[in-house]
Amino acid sequence: MNALARLEQAIAGGPQTHELVRISGAVSEVTPAAVRVAGLSRFVRLGERIALSANGREEFGEAIRIDRDGVLVKPFATTVGVGLGARASVAGAMTLRPAQSWKGRVINAFGEPLDEAGPLLPGDTAMRVDGPPPEAMKRARVTRPIRTGVKVIDLFTPLCAGQRIGVFAGSGVGKSSLLSMLARAPGFGTIVIGLVGERGREVREFLDDTLGAMRANAVAVVSTSDESAMMRRLAPNTAMAVAEYFRDQGEDVLLIIDSVTRLAHAARDVALAAGEPAVARGYTPSVFSALPKLLERAGPGIEGVGAITGIFSVLIDGDDHNDPVADSIRGTLDGHLVLDRAIADQGRYPAVNVLSSVSRLAHHVWTPEQRVLATRMKGLVARFEDTRDLRLMGGYQAGADAELDTAIALVPRIYTALHQDMGAPLSADVFQDLASALQQG
């Protein structure tokens, strides 16, 4: 049908046939880090997915840089068989369609099943993986206390539903064990776990041993350390999108991301591949803008829906708590738990340093009497630790300082009462448990 015939048909109001046009270009350069696509610069936006034809199948990448010469695309796969001249087309932004049936399932960063429980049934609502947080003035207040069952946390750094808190720790200090204990906290309808850059063997251990019966209410998003930086960067956003779906259904959601530091490492790798300059210990500026965007999506939803209580682990490289990523995250969260290697070396677990840890919403949890008691005990711990070297050298004689004598008598018993390993039952009332332990001592 020529142009004149089509025009006459349109005027007459007859049937018209429209073919779906997919904008495409061609691969013009291939490097180990990325591929360059010509012909798409005017039709694509940063962050959009690009479909690449590779060995007869379609692989996906993301547009990480756009200039007049073409679009730089970072593939999600570690190895992609893309050659010069391969077809590339715009696939749009990534969305997920979570559903209640996703509970109990293990998925990858694309929302594809990793377990052997069959295909995932899509829900009715499309959730953007890179969606925006709720508007600040429409968000609900964070005031409702929750009990984690972890005694040292419920006593010194109590949490509220919808709070975002970080677990800051070096390697081998008990971070994963503490996260496992927090994952068993009662009162949550859904648990969403994002395992980012984890060792493959730890995935089954966390899901089978830690969650146990609670696994039926959990959705696990897994991106192991052998996957590409693109998948490791995407996984936390996928976990957040799943948590947002259940939050919008009115549920209280516990979201655990382990770890945000590996997300920062992956985002740094992608930004460096795009040619972005490093500004702080190899990290690029976009890393420090991407982290708050993710963290702000957690927390309470708008009035009338549920809340996402976010627990984000931060791996402290070289036990340096002034690491740029740790500094950036600490100022964004509603509190932080600091795990101390010296405490772990003493065999006290969880190795939480109560003097360095803080919950900015603790005043919503404590009664006035509990606040006074917790502050008093924290002061005794500070006095006990500050004089440790003096006492070890024999420089203090009992009776010289009444407050220090009290600290010497009580703090070791408090430490013993707060000791709790993964096999121990969760505490229903930490103040009552502490009082009973001190009376028995």
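**Ground rules.** I am working with a predicted model, where local features need pLDDT of at least 70, side-chain atom pairs count only at pLDDT 80 or more, and totals for chains, interfaces and linings use all residues. Residues are numbered from 1 along each chain as its sequence is written, and side-chain values use heavy atoms, with hydrogens and water left out.

**Cores.** I looked up the largest nonpolar core and found 58 residues, with Val152, Ile153, Leu155, Leu178 and Ile311 having the most contacts inside it. Such a core is a set of buried Ala, Val, Leu, Ile, Met, Phe, Trp, Tyr and Cys residues joined through side-chain atoms within 4.5 Å. Buried means under 20% relative accessible area, exposed over 50%, and partly exposed in between (1.4 Å probe, protein chains only). I then noted a second, separate core of 54 residues, which includes Tyr245 and Phe312.

**Aromatic pairs.** How many aromatic pairs does the structure hold? I found four. Rings of Phe, Tyr and Trp (its six-membered ring) pair if their centres lie within 6.5 Å; planes under 30 degrees apart count as stacked, over 60 as edge-to-face and the rest as tilted. Phe76 and Phe110 have ring centres 5.1 Å apart and planes at 75°, so I filed them as edge-to-face. Phe76 is buried at 5% relative accessibility, while Phe110 is partly exposed at 22%. Tyr283 and Phe288 are also edge-to-face, at 6.0 Å centre to centre and 65° between the planes. Here Tyr283 is buried, at 2%, and Phe288 is partly exposed, at 22%.
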